Amino acid sequence: SELPVLCPANRYLRCVLASFNALEAVPPALLRHHGAELRRLHLGCNSITSVDDALPHLPQLTELMLEGNRLRSLPASIGGLARLRELWLHGNSLSSLPDEISSCVSLTVLQAHHNALTDLPDAMRSLSRLQGLYLQSNRLTNLAGLRARVLGAMPLQNLALGLNQFDLAEAFELPGARIGFGWNPGTPPAGLPALTDRFATSDHIFEPATHGATGDVLMVAFSAQGPGVQQWHAPAAALRASG
């Protein structure tokens, strides 16, 4: 629930990896003594409810990982992180993103999936370096409007929009981008492929495998290691044992 006390005289600390703990806030002592020098701050899967007071102390950050916390809002001070390249916000309860996120001019990856977003701010269209935008499992609507206002102006290489409330009749391709629309209602326009290595309006693996057994729980198997994956070993083993 707390980080160990670090030497206040240390001016070389650049990276703090403190995910998968029980922190309820960004540690004030860390911000006070080391915030100005930090480049990477990983605080995912804790119990943090606000970063409003923390962000102004972190002007040099290039990576900020806040996934799997209890955030309901992102403060306007996010715009002060002009060097930020990766921002992970997935698995929180965000209903919106602030206009000021457009001032994160170095941002290349934004993970905001599995929240409660209903729209994106128009100002995001100015994120001229954003290559990966992950928005699956939110409450987004009006796909055509989002494309015109925001998405079409970005240099995206990966765009994940599955499991929202879009009408697939408005589905589109973007030159050079991989796009996923799976698990949205409707029928894609004629001429759009249902599934290629760069475009998908359906999930060719999950849907046939669960015919007649669709429920509220989705189990996903990862061929990877690390605490983010290993936490699923026990529940997955129990499910397998039960058939």
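**Close-up views of a predicted model**

**View 1. L146, a buried residue.** L146 counts as buried because its relative accessibility is 1%, under the 20% cut-off. The model is predicted. L146 sits in helix α2, which spans residues 143-149. Setting aside residues up to four places away in sequence, L146 touches D119, L120, L140, T141, L151 and F166. P121 is 25 residues from L146 along the chain. The C-alpha atoms of L146 and P121 are 9.3 Å apart.

**View 2. H113, in the loop between β5 and β6.** This loop links β5 (109-111) to β6 (132-134), and H113 lies within it. H113 is buried, at 12% relative accessible area. Which residues does H113 contact, leaving aside neighbours within four places in sequence? They are H90, G91, Y134, L135, Q136, S137 and N138.

View 3. Is C104 buried or exposed? C104 is buried, because its relative accessible area is 0%, under the 20% limit. C15 has 28% relative accessibility, so C15 counts as partly exposed. That class runs between the 20% and 50% limits. How many disulfides does the structure hold? The count is 0. A disulfide would be a covalent bond between the sulfur atoms of two cysteines. The cut-off for counting one is a pair of cysteine sulfur atoms within 2.5 Å.

Key:
Residues numbered from 1 in each chain as written. Predicted model: local features only at pLDDT ≥ 70, side-chain atom pairs only at ≥ 80, totals over all residues. Heavy atoms only, no water. Helix = DSSP H or I, 4+ residues; strand = E, 2+ residues; numbered from the N terminus. Buried < 20%, exposed > 50% of the residue type's maximum accessible area, 1.4 Å probe, protein only. Contact = heavy atoms within 4.5 Å.
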